[in-house]
Amino acid sequence: MRIHNTVIPENTQWDIIIIGGGATGLGTALDAASRGYKTLLVEQSDFAKGTSSRSTKLVHGGVRYLAQGDIGLVKHALQERGLLQKNAAHLVSKEEFIIPCYSWFSILKYLTGLTIYDWLAGKYSFGKSKYLNKKETLEALPEIKSKGLKGAISYFDGKFDDARLAINIAQTAIENGATLLNYTKVVALQKSNNGIVGIETEDTLTGNRAKFNGKVIINATGVFVDDILKMSNPESKNMVRPSQGVHIVLDRKFLNSESALMIPKTSDGRVLFAVPWHKHLLVGTTDTPLDEHSLEPRALKEEVDFILNTAGEYFNQKPTEKDILSVFSGLRPLAAPSKSGGSSTKEISRDHKLMVSTKGLITITGGKWTTYRRMAEETVDLAIAHANLNAKPCVTKNLKIHGCTDFSDNNYLDIYGSDRPKIEALMAENPDLTELLHPHFPYNKAEVVWAIRNEMAETVEDILSRRLRVLFIDAHAAMEMSKSVASILAKELQADKNWEANQVEIFNNLASGYIYQPDLKLPKVALAK
């Protein structure tokens, strides 16, 4: 059978089938395939469409979790941070974070805590935390308020491009023998007297249905895990309580720094970051418990107001709603406690939960991007034991992610790592592909062609949202690029003008939700309880 451009032999018996193409699912596919297991992954939309493309772009141990006393979680995350920087050097970089302090007690408290943070990192340390006096602080962060400023604490953590990493992990899994299908939705689980033995899917682009048999099925669908569990047992209780995290993107002038700002305690006890990202400023996040989940969650006005007001307390120039270039929301799949009813996300575990849901079905949920590799290792270990697979050791600690290399000339194409020369070759072969998609961005037509041919991009949204990231940076600019991108897509996929026009319309309707309009009553999209 053929699904998209992937030919799959009929009656293939898979060792491991993974449902979900976010960080956890992709990591699990890579772990399984690199051990030699026959691995299939299906994703209902594009890879990292949901939570995994909507993070704060941090590869970190979690300073907040250290304050909560979760030493084990922090230590493991710091180790994984170090491994990720080594194995995906083109996407993960060290970033200086600065905590402005307006009291001497704050300086002592944060320097002590971050010294412990450094110590927990051990050989994976990104750099030593230190005190900055007032002058040094204002040199590093020239646009923060100086009144009452005593100094700051500088520490180091990681920064990355989440959706780009997801695509590169997908490529690495394929290179190791995995089969990955995007736009392939699970509509039913295949059952036998002995439990779950496979999945039934629908190609959301063509409507075609297919069945796949597997020795073990892994449910790694993030906030959608309960939907899959209910296919197995309609009476099953929810495992997940989604929490919404909102981010806004501003012009970089509001911070005017290569260092990031960390606000360790806001008015309601949250942590807020302002992080330089793709030559803009990413500010977030929030932590709002929700009762519903969606592929396209929308920011609440109170969440955006909170971010603007909190940032305004630190910035010399207070950002307003009109300064927001893009606003996006992600739903964290927080593992719910056994006794529900609490509304605070502080009552919900940040760590992951791994369990055998029923014979043949394993569920993994919770966790965070930084620890995706470790979560995947634990998941495959459990799958081996549960399905009596021939045991093979995990090899991902030292496995380089596709593209891993370290360029030093600061070219924006460096984000493609070792694929950069191939994109440059495309441009050399066809000079028309050097044409920019937008005068304010460096992205060109060659990158669109590359994404279609090599990164499984199927739609305008795939390209402008998760391959080039423009929708998350400047929604208006993304809409202005949509026609050009749709034209290239149509040519590459041999689609007609009606398809091309439909792609532009679909994308622009989607992108309008990333333009902050506090008074607009947005319809709920694909909600499920």
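A salt bridge is a side-chain nitrogen of Lys or Arg within 4 Å of a carboxyl oxygen of Asp or Glu. By this criterion, the side chains of aspartate 414 and arginine 420 meet in a salt bridge at 2.6 Å, N to O. The model is predicted: local features need pLDDT of at least 70, side-chain atom pairs count only at pLDDT 80 or more, and totals for chains, interfaces and linings use all residues. Residues are numbered from 1 along each chain as its sequence is written, and side-chain values use heavy atoms, with hydrogens and water left out.

**Salt bridges**

- The structure holds 33 salt bridges.
- Both aspartate 414 and arginine 420 are buried (buried means under 20% relative accessible area, exposed over 50%, and partly exposed in between, with a 1.4 Å probe and protein chains only).
- Arginine 241 and aspartate 291 form a side-chain salt bridge of 3.7 Å, N to O.
- Because arginine 241 lies in strand β13 and aspartate 291 in the loop between β17 and α8 (301-312), this pair ties together parts that are 50 residues apart in sequence; helices (H or I, at least four residues) and strands (E, at least two) are DSSP runs, numbered from the N terminus.
- Aspartate 291 is exposed, with a relative accessible area of 65%.
- Glutamate 500 and lysine 497 meet through their side chains in a salt bridge of 3.6 Å, N to O.
- These two residues, glutamate 500 and lysine 497, are 3 residues apart in helix α15 (residues 497-511), and are thus separated by about one helical turn.
- Glutamate 500 is buried at 15% relative accessible area, whereas lysine 497 is exposed at 62%.
- A network of salt bridges links Asp46, Lys49, Arg54, Glu296, Arg298, Glu461, Asp462, Arg466 and Arg467.

**Strand β13 and its partners**

- Strand β13 (residues 240-251) is largely enclosed by the rest of the structure, because 10 of its 12 residues are buried.
- β13 runs antiparallel to strand β16 (residues 280-284), to which 5 bridges join it; two strands pair if DSSP finds at least two bridges between them.
- Leucine 250 has leucine 281 in β16 as its bridge partner.
- Strand β17 (residues 288-289) is also antiparallel to β13, with 2 bridges between them.
- Threonine 288 in β17 stands opposite glutamine 244.

**Lysine 368**

- Lysine 368 is placed in the loop between β20 (361-365) and α9.
- With 19% relative accessibility, lysine 368 counts as buried.
- Lysine 368 and glycine 330 are 38 residues apart in sequence and 12 Å apart in space, C-alpha to C-alpha.
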